[in-house]
Amino acid sequence: MAENQFFVDSDKLSKEALDQKHQIESNPAARPDPMRYMEGMERISSDLLEKVLKQTAGYDYEAYTDADVRRALMHETCSVEDFKALLSPAAQRHLEEMAARAKYETSRHFGNTVYLFTPLYLANYCENYCVYCGFNCYNDIVRKKLTMEEAEQEMKVIADSGIEEILMLTGESHKMSDLAYIGEACKLAARYFRNVGLEIYPVSSADYRYLHACGADYITVFQETYDVAAYEKLHLKGHKRVFPYRFDAQERAILGGMRGVAGSALLGLSDFRKDAFASALHIYYLQRKYPHVEYSLSCPRLRPIINNDKINPQDVHEKQLCQILCAYRIFLPYVGITVSSREQKHFRDGIVKIAATKVSAGVSTGIGDHESKYHGAPEAETGDEQFEIADERSLDQMYQDLAAEGLQPVLNDYIYVPE
């Protein structure tokens, strides 16, 4: 990977910003150690990082054969070794058998239900320099942060569509989207939705406890890649550069009382088979350490962003993605699997019949444009999107399409009993 292959300049950046950016790019030795905690970052006593990285480093997927894959599919319970075989290139020739087994496991544990949710982007300010992300601090985009009044209006629009679960997201800016701001958004969201999720910068267990008290039910944190060398090259500035602090986010959220946690790698940043293996293994170890928690895996692939021609992603094709999701389901039969609107309609419609249990609908990755995008309201001043989406169906369209396939769309499966 060439040191400069990802980087691109914007002529609208200030000279000061450009000078700082070039200094970061041109002097790798001056960048902070990605394994070293920054001041104020909570450390927890956990061996999960060491276990996941050690297993991933030793995973040679080329060593697995057809016989290994057939043996894995014969076992009633999928071991870690079986999972390695199911992710290997040898398993591609057994995709139909894997899909049949995955469909059986999905039906056995989830029936024919598919859960629906909508993301709400609250802000796109970011202090990180992640070279593949549309929100990164050196991209020239329109930045916006919703006021609480604007956030509530967006929530009303989403809730009126019938959605009962929301995932609220921010760029990773402690200054522009501080904990108090996110907490107030959680309190608002709890008035309109039965299930409130967060995808924000990682915080301490005490901060997760505060956000849970404000109304948050679960958190999602993407490790992006479990390849530490690639992680260091892709995350050049900001708190996100600290690999272990991000890795432990789900465990800190559990310690903070969150009911559920989710995560994954962003497929295409590094070796996708090793990243898929590490993602599932991370959840596997968490599940055994904290069996009372609800877990979910995602499967995002890189999507076009501003300056996309400079990103040079490692392509992960749909057939390979299908293999990953089938392997996830066989290895982790009780874990939810989310497929986002990054994927095309035909892929999402197919994979929910086999392995996925949750999809988004009525999606916008911009800031403050749900009403104009899905309800015909006049366009307001909005913030730019994080990435392009591929499936723009509304909740009604998604609901009808799922029902037409014989599936049962579910908006909420929680019963809240007053204390």
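How many disulfides does a search of the whole structure find? The search comes up with zero, taking a disulfide as a pair of cysteine sulfur atoms within 2.5 Å. C186 is in no disulfide, and the nearest cysteine sulfur, that of C214, sits 6.0 Å away. This is a predicted model, in which local features need pLDDT of at least 70 and side-chain atom pairs count only at pLDDT 80 or more, while totals for chains, interfaces and linings use all residues. Residues are numbered from 1 along each chain as its sequence is written, and side-chain values use heavy atoms, with hydrogens and water left out.

C186 counts as buried, at 0% relative accessibility; buried here means under 20% relative accessible area, exposed means over 50%, and partly exposed is in between (1.4 Å probe, protein chains only). C299 is buried as well, with a relative accessible area of 3%.

On to the aromatic rings. Rings of Phe, Tyr and Trp (its six-membered ring) pair if their centres lie within 6.5 Å; planes under 30 degrees apart count as stacked, over 60 as edge-to-face and the rest as tilted. By this rule there are 13 aromatic pairs. Y37 and Y245 make an edge-to-face pair, because their ring centres are 6.3 Å apart and their planes stand at 80 degrees. This pair ties together distant parts of the chain, 208 residues apart: Y37 is in the loop between α1 (15-26) and α2 (48-57), and Y245 is in helix α10 (residues 243-247). Helices (H or I, at least four residues) are DSSP runs, numbered from the N terminus. Both Y37 and Y245 are buried.

Y59 and F277 form a tilted pair, 4.7 Å centre to centre with 40 degrees between the planes. Here 218 residues separate the partners, with Y59 in the loop between α2 and α3 (66-74) and F277 in helix α12 (residues 272-289). Y59 is buried at a relative accessible area of 2%, and F277 is buried at 0%. Ring pairs also join Y59 and F277 into a cluster with Y61, Y64, F83, Y284, Y285, Y328 and F331.

Charges turn up over rings too, the rule being NZ of Lys or CZ of Arg within 6 Å of the ring centre and within 35 degrees of the ring normal. R273 lies over the face of Y61, 5.8 Å from the ring centre, and the charged end of K358 sits over the ring of F117, 5.3 Å from its centre.

As for α2, its buried residues are L48, L49, V52 and T56. The buried residues of α2 pack against α10, α11 (249-255) and α12, with contact meaning heavy atoms within 4.5 Å. The face turned away from the buried side of α2 carries the exposed residues E50, K54 and A57.

Key
Helices (H or I, at least four residues) and strands (E, at least two) are DSSP runs, numbered from the N terminus.
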